[in-house]
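This briefing concerns the structure shown below.

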Amino acid sequence: MDTGLLLLRLVAGLLIAGHGVQKVSFLLGGNGLAGGTEEFRRDGFRGGRLTALAAGGGQLGAGLFLAAGLLTPLAAVTAMGVMTVASTVKWRNGLWVQNDGYEYPLVLVLVAAALALTGPGRWSGDEVLGFAPWPLWVSVAAVLLGPAAGLATRAVLHRPGPSAAPEGVTGRA
């Protein structure tokens, strides 16, 4: 079981971290901070550079902490939050990733939730530092808070597009 959790943490954590790197740099096929900023603007989010930095930093940090199995519930909350936001952006495209759907972000949300509930395993930073096992209430709180934080972020930062405005209202100030 510990080998499976290690493999799951490494693959999912490093993929999430890679997404963060892409949001703020030219590494791993990213378009730099300007590209990440434009992506969020195109998707209807306020905040510009700050939003891109927060999302990229959140993904990078959460991914690396998940991969290391360190502060796993907190890393899972952050990963679930940013990937929930990604799911909401892709929701209109349906489930499947070949149509730019939310399939992939949903899988990452569920992997982070599973790691929060199972714990990171014996070969982890949490185990080395004596944090594991986390109390059940911490794990359950992480699973509830992660998606809730993502939905709250979406509600606060997303600007309704012209299609969401009532007829005759453009949303321009």
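The model is predicted. Three salt bridges are counted in this model, and lysine 23 takes part in one of them, with glutamate 39 as its partner.

**Lysine 23 and glutamate 39**
- The closest N and O atoms of lysine 23 and glutamate 39 are 3.8 Å apart.
- This pair links distant parts of the chain, with lysine 23 in helix H1 and glutamate 39 in helix H2, 16 residues apart.
- Glutamate 39 is partly exposed, its relative accessible area being 28%.

**Arginine 122 and aspartate 2**
- Arginine 122 forms a salt bridge with aspartate 2, and their closest N and O atoms lie 2.9 Å apart.
- Because arginine 122 lies in the loop between H5 and helix H6 (125-129) while aspartate 2 lies in helix H1, the pair ties together parts that are 120 residues apart in sequence.
- Aspartate 2 counts as buried at 17% relative accessibility, whereas arginine 122 is partly exposed with a relative accessible area of 49%.

**Lysine 90 and aspartate 100**
- A salt bridge joins lysine 90 to aspartate 100, with 2.5 Å between the closest N and O atoms.
- Lysine 90 belongs to helix H4 and aspartate 100 to the loop between H4 and H5, so that the pair links distant parts of the chain, 10 residues apart.
- Both partners are partly exposed: lysine 90 has a relative accessible area of 23%, and aspartate 100 one of 41%.

**Helix H1**
- The 23 residues of H1 should span 33 Å at 1.5 Å a residue, which agrees with the 33 Å between its end C-alpha atoms.
- The buried residues of H1 include Asp2, Leu5, Arg9, Ala12, Ile16, Val21 and Lys23.
- Among the elements that cover these buried residues are helix H2 (32-42), H3, helix H4 (72-90) and helix H5 (103-118).

**Nonpolar surface patch**
- Leu7, Leu10, Val11, Leu14, Leu15, Leu60, Leu64 and Phe65 make a nonpolar surface patch of about 680 Å².
- Helix H1 (2-24) and helix H3 (48-68) are the elements that give two or more residues to this patch.
- H1 gives the most to the patch, with five residues.
- Phenylalanine 65 lies in helix H3 and counts as partly exposed at 35% relative accessibility.

**Segment after H7**
- Proline 160 is found in the segment after helix H7 (136-157) and counts as exposed at 58% relative accessibility.
- The C-alpha atoms of proline 160 and alanine 142 are separated by 29 Å, the two residues being 18 residues apart along the chain.

Conventions:
Residues are numbered from 1 along each chain as its sequence is written. This is a predicted model: local features need pLDDT of at least 70, side-chain atom pairs count only at pLDDT 80 or more; totals for chains, interfaces and linings use all residues. Side-chain values use heavy atoms; hydrogens and water are left out. Helices (H or I, at least four residues) and strands (E, at least two) are DSSP runs, numbered from the N terminus. Buried means under 20% relative accessible area, exposed over 50%, partly exposed in between (1.4 Å probe, protein chains only). Patches are made of residues with over 30% relative accessible area and no salt bridge: like charges are joined within 9 Å, nonpolar side chains (Val, Leu, Ile, Met, Phe, Trp, Tyr) within 5 Å. Accessible areas come from the Shrake-Rupley method with a 1.4 Å probe; for residues, only the protein chains shown count as cover. A salt bridge is a side-chain nitrogen of Lys or Arg within 4 Å of a carboxyl oxygen of Asp or Glu. The expected span of a helix is 1.5 Å times one less than its number of residues. Contact means heavy atoms within 4.5 Å.
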